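Welcome! Here is a short tour of one structure, with a look at its strands and its charged pairs.

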Amino acid sequence: MYKKITLGICIFAVFALIAIQMRPVQHLLLNNSLIDQIISKLDKRNYSTLKKSIYNHFPGFAYSYVAINVAGSETNQEKITQKLNLYVHENVFPIIQYGVIDAAAIHQLTRGIGWCDQMAHLFIRLADTYNIPAHIENLYNDNGVSPHTIATAFLDNEWRAVEPLYNLTFTNNNKRATLREICSGDTDVDSEMLNQMNLEWYKPLYCNESRVFMRNEAAGEYSPVIFNAIKNDKNIPVTTVADPWRLIFKLPDFIGSDLFIDLYLITLEDQYPNEDDYLYRSARVLQILGKYNEAINLYNKVIENYPQSIHTKQSNFYIGLSRYHSGQYTLSADHFQKIISNNPLSLWVNYSKLYASKSLIELGKPNDAERLLKSIEGEASREAGKILYLNNM
């Protein structure tokens, strides 16, 4: 009898473990407020600690998840670098009206707003997943002022430039230029393309002597720690996520990743008690992790249920961007055209024109794309200029 009971318990435990890995069961456990309340009351302290632990470790998980989702099983570090750089370029936007915040890279990504500094920091964190050493490089003009920042990655035993903001590639004799060549101005940067992008000031820039490593989830280059390191020509110690967590983050098939994400979304409820904030933040997390359909559903809830929310216009733009990134170019183009027609004064209208144009190019409609590209203003016009130049428009 005793053996039968033991065997029964073991069989039940095995089925329970299998069931927990199934999405419907996860959804029941993690989205049932009654279960959540019971667990909180029974072991509030440990449950709260679990939530905080998940929140604290989520950045490391997210960087690895994003990087592997973007570059997959690619082994060529040059191609990995290009893919990660393009991902940052197409997911973070320099809209100055939102204000620049030097925060941890994960916040730059979920916020979707940032300039050269923030994009460089983000690239560095993603590159770490593939063990590509990377750091930030401040570019200077003759007056000793740094108007621009790039990232650098250690490829083929040389430090090479990575340019997330403008997605430029520096070459010398048809090979990716080394940092030393870039710092000395010995590159083949296309002057005509720079003129088309209104970046005439870019070519005369040069590098300083400092090497400041940023793989430590530091705030921004303007924080006292970073500033003092630059001033005193010191390196900031490199820190990484704890080894056990790194093993979990880097599992190629992401066993348990949906469970981890769902648990993380629960932690957002504590941080953002207003439902529109919670829905929008959750949608942003799902979008950066490549779960576009789930993200679109939440963005639509923000728009439909909270039309006056500060997140409504952003949600509308990110629906179109999700369509674009998932290859739904017709839906993407149509969605962005509606934004352009209905919200001509929106802060997102120029980037809507940009991605409508990219969608139209993918659909084989270059003439329609060209008309839109030539109407783009502001920072987005630089990217428009590059597309016009590269496509001989």
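## Ground rules

A residue counts as buried under 20% relative accessible area, as exposed over 50%, and as partly exposed in between (1.4 Å probe, protein chains only). This is a predicted model, where local features need pLDDT of at least 70, side-chain atom pairs count only at pLDDT 80 or more, and totals for chains, interfaces and linings use all residues. Residues are numbered from 1 along each chain as its sequence is written, and side-chain values use heavy atoms, leaving out hydrogens and water.

A salt bridge here is a side-chain nitrogen of Lys or Arg within 4 Å of a carboxyl oxygen of Asp or Glu. The count comes to six. One of them joins Lys 358 and Glu 90 at 3.3 Å, N to O. Lys 358 sits in helix H17 and Glu 90 in the loop between helices H5 and H6, so this pair ties together parts 268 residues apart in sequence. Both Lys 358 and Glu 90 are buried.

Helices (H or I, at least four residues) and strands (E, at least two) are DSSP runs, numbered from the N terminus. In helix H19, Lys 386 and Glu 383 are three residues apart, about one helical turn. Their side chains form a salt bridge of 3.4 Å, N to O. Salt bridges that share partners link Glu 90, Lys 358, Glu 383 and Lys 386 into one network.

## Strands side by side

Strands pair if DSSP finds at least two bridges between them. S2 pairs with S1 in the antiparallel sense over six bridges, and five bridges join S2 to S3, also antiparallel. Seven of the eight residues in S2 are buried.
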